[in-house]
Amino acid sequence: SNGNLLATRIDSPELWSIVPSNNSSSQLGHGSLLLTFPNAMSTLGITEIDHDVFAVIAGNVSLPSIVSTTGSFAVWTVNLNSATPEAKVLASLPGGQFLDGMTKFGDDLLLISDAHKGTIWRLNITTGESSVAMSGAAMLPAAGQAIRIGVNGLKVLKNYVYYTSTTQEIFARIPVDENATAVGPMELITSGFSFDDFILTANGTAYLSANTQNEVIQISPEGRVRLLAGNQFKLSVGGSTAIAINHEHSILYVATSGAQFAPVLGRMEPAKIASIIL
């Protein structure tokens, strides 16, 4: 709520607070370490579950091969309402193979993508009980790919769960009931991009990171596709991997890996946060 960004690190079990730059000046923003999670190598999905209370996924992912350790993943809650962050385990998911994206569903549930298993888990925030909410062929990693990443980014809008499936290059949605159970077939929105994370606006406009294509893609509610930033020859959003939006100032924030998995003309750079004025 103070306007800072929260960032997880797949290369370290850390949560960072980042003060973004003021777009009216040339001064860069700056970040600081908030928390380190024990018994983990990585942090991944993060979503707000209450005012300044966040759920964070921590587990073991080996780089650069993106190989995870089944059973190593847990969901933590991080309370930032006091001067000192308070973190505690909400639930372990021993059946989780590679927990990645996460979003809140209704008042009591979290939905969590399992990128290796090709499933979406539901986790009760109050009881800590978990179960598989949905799965399908389109959520599995594509066959023959060196990196096994299927269902990845997750968001909820009205009666639909929207998701990306990275190596299948799919952006799709599924109609669901009040318990996040599918009540109809998957509806393909678009394909052909290495989609990672994304955000949805209230009118259904989607902004998606296309990680190995080093791009950010905009998709209108009618399904029109537009290249918003980057391309395979630029590092401007090289390795785009996560997206957040500041609605008040119409700013899109894009976290990148510096094109670590698809170098731009042989070049990589350190990870960064880029901003796009909408």
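Ile 112 touches Ile 57, Val 75, Leu 99, Gly 101, Met 102, Thr 119, Ile 120, Trp 121, Leu 123 and Leu 154, leaving out residues up to four places away in sequence. A second, separate core has 17 residues, among them Ile 120, Ala 133, Ile 174 and Ala 180. The model is predicted.

Ile 112 itself belongs to the largest nonpolar core, which holds 22 residues. Together with Ile 57, Val 75, Phe 98, Leu 110 and Leu 123, Ile 112 touches the most other members of that core. Six strands each supply at least two residues to this core: β4 (42-50), β5 (53-59), β9 (86-92), β10 (99-105), β11 (109-114) and β12 (119-124). The largest share comes from β5, with 3 residues. In soluble globular proteins, nonpolar side chains tend to be buried together.

Next, the sheet. Four strands form an open sheet in the order β10-β11-β12-β13, with antiparallel pairing. Which strands stand at its edges? They are β10 and β13 (130-135). Each has a single partner strand, so one side of each is left without a neighbour in the sheet. On average, neighbouring strands of this sheet are turned by 30° against each other, direction ignored. At the β13 end, β12 and β13 run antiparallel and are joined by 5 bridges. Arg 122 stands opposite Ser 131 in β13.

Asp 100 has its place in β10. How far away is the nearest side chain of opposite charge? That side chain is Lys 155, and the distance is 10 Å. A salt bridge needs a side-chain nitrogen of Lys or Arg within 4 Å of a carboxyl oxygen, so Asp 100 has none.

Finally, turn to the start of the chain. Strand β1 (residues 5-8) pairs with strand β2 (residues 14-19) over 4 bridges, in the antiparallel sense. A hairpin of 5 residues joins β1 to β2. Across this pair, Ala 7 stands opposite Trp 16 in β2. β2 also pairs with strand β3 (residues 30-36), again in the antiparallel sense, over 6 bridges. There, Glu 14 has Thr 36 in β3 as its bridge partner. Strands of a sheet pair through backbone hydrogen bonds, either parallel or antiparallel.

Technical notes: Residues are numbered from 1 along each chain as its sequence is written. This is a predicted model: local features need pLDDT of at least 70, side-chain atom pairs count only at pLDDT 80 or more; totals for chains, interfaces and linings use all residues. Side-chain values use heavy atoms; hydrogens and water are left out. Two strands pair if DSSP finds at least two bridges between them. A nonpolar core is a set of buried Ala, Val, Leu, Ile, Met, Phe, Trp, Tyr and Cys residues joined through side-chain atoms within 4.5 Å. Buried means under 20% relative accessible area, exposed over 50%, partly exposed in between (1.4 Å probe, protein chains only). Contact means heavy atoms within 4.5 Å. Axes are lines fitted to C-alpha atoms, for helices over the stretch in contact, and angles run from 0 to 180 degrees between N-to-C directions. Lys and Arg count as positive and Asp and Glu as negative; His and the chain ends are not counted.
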